[in-house]
Amino acid sequence: MTVQQTSQNAFWSDFINDVYSGITVGLGHSTWYVVNMLTKGWRLVLDSEEGDAVVSSHPANGKPRGLQVVGVGYGRTGTYSLALALDALGFPTLHTQHLYENDAIFNHLVKDIFHNSIVHNKIIMGTPNFDLLLDAGYTATMDLPFALYYPQIRELYPDCKFILTVRESSDVWFKSWNVMTSSITQPAMYTSFIFSHVKKLEWYMRWLFSVVNQDETYLTHPFPLPPQQKQRSIASYEKHNQHIRDTIPSSHLLEYNVREGWEPLCRFLEIENCPSDQGIPFPKTNSARAVQIQSFSAFLGPLILSVFVVFTLFMIVFRNITGMSVLGWCSLQKRRFLTLVGNLLREG
């Protein structure tokens, strides 16, 4: 096999993987929303009969004593792949991509930080309630916003280890960051007024863009939002990374590119049975292309479902009124029309 053929095979393999993961993750977000709404509705029925009860969507098997691993790299540095790897190594990890699935955590951040910043039209950092993560059974976090709170985490959990995920260069990072931000902005612009969780994600997105770009314009600017500012974003990315290198001791910090695979991660976390010894590949997901497909799938899923529900309700109401199905009624009208045309032609 030639080098060109090998390269083409690798391209198509990555393309198929990105399409598959993008569709499954995107539709997974949509499925979660539907299931969550149905579950909440069912709980309201049960609560009215049995009294109020609080049920966690992520019950913990005993509250962890503290956070053990925290990713402090910016988004689009391989954080989702690393989150999957940490899960596999026995560290239940909360990644931003699933933040909205945890009501207590997400609502706290929205109320005290994200929406609060928009109301006051200034960036408010505040301090998250990390106990909420422990209550939900998490021992690790990955990606923003928690990557910004490493000073507070170090103070609360001195034994915690930190992983600074990086890309090959700042320009490579910004290219991926820019694709991601533009991909998630479109669904938020068109659906945030329909779905409450998307509205909360919009507030988070506005706050996040303001923090990364160090520009409060994003907080209240009407849609479409201003594009990401390359110079400001890169300066923020590099300043964040350098401050971490300067303040977290090397004994508790791993600077890491996910392309390095399992070995550096296992050494740093003192994992004896490393998955690489068993031939298990390192997770590879959430590429820029996959993120674009995720955003489209997450938007298309609810749209298709909404159309299906509306059409189904319409058919039920139509049958109750007319006593026949839509297709049967259309067939009847077609026959009447043809009969009418035939009569007119004969009379003419």
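**Salt bridges, core and helix packing**

Biologist: Which residue forms a salt bridge with K199?
Modeller: A salt bridge needs a side-chain nitrogen of Lys or Arg within 4 Å of a carboxyl oxygen of Asp or Glu. For K199, the closest N and O atoms are 3.1 Å apart. The partner is E202.

Biologist: What kind of model is this?
Modeller: Residues are numbered from 1 along each chain as its sequence is written, and side-chain values use heavy atoms, with hydrogens and water left out. Local features need pLDDT of at least 70, side-chain atom pairs count only at pLDDT 80 or more, and totals for chains, interfaces and linings use all residues; this is a predicted model.

Biologist: By about how much of the helix are K199 and E202 separated?
Modeller: Both residues sit in helix α7. Helices (H or I, at least four residues) and strands (E, at least two) are DSSP runs, numbered from the N terminus. K199 and E202 are three residues apart, so the separation is about one helical turn.

Biologist: Is E202 buried or exposed?
Modeller: Buried means under 20% relative accessible area, exposed over 50%, partly exposed in between (1.4 Å probe, protein chains only). K199, at 29%, is partly exposed. E202 has 4% relative accessibility, so E202 counts as buried.

Biologist: Which residues do salt bridges that share partners join into one network?
Modeller: The structure holds eight salt bridges. Shared partners join three residues into one network: R167, E168 and R259.

Biologist: How many residues apart are D171 and K230?
Modeller: D171 and K230 form a salt bridge, with closest N and O atoms 3.5 Å apart. The pair links distant parts of the chain, D171 in helix α6 and K230 in helix α9. D171 is partly exposed at 46%, and K230 is partly exposed at 43%.

Biologist: How many residues does the largest nonpolar core have?
Modeller: A nonpolar core is a set of buried Ala, Val, Leu, Ile, Met, Phe, Trp, Tyr and Cys residues joined through side-chain atoms within 4.5 Å. In soluble globular proteins, nonpolar side chains tend to be buried together. Here L67, I105, L144, F162, W177 and W207 have the most contacts inside the largest core, whose residue count is 49.

Biologist: Which element gives the largest share of this core?
Modeller: Elements supplying at least two residues each include α3 (103-120), β4 (161-165), α6 (170-191) and α9 (230-247). The largest share is seven residues, and that comes from α7.

Biologist: How many residues are in the other core?
Modeller: Another core lies apart from the largest one. Its members include F91, I163, C266 and F268, and its residue count is 19.

Biologist: Are α2 and α10 parallel or oblique to each other?
Modeller: Axes are lines fitted to C-alpha atoms, for helices over the stretch in contact, with angles from 0 to 180 degrees between N-to-C directions. The axes of α2 (residues 79-88) and α10 (residues 262-269) come within 12 Å and cross at roughly 55°. Under 35 degrees counts as roughly parallel, over 145 as roughly antiparallel, 65 to 115 as roughly perpendicular and the rest as oblique. The two helices are therefore oblique.

Biologist: Which residues of α10 make the contact?
Modeller: Contact means heavy atoms within 4.5 Å. From α2 come L82, A85, L86 and A88. From α10 come W262, L265 and L269.
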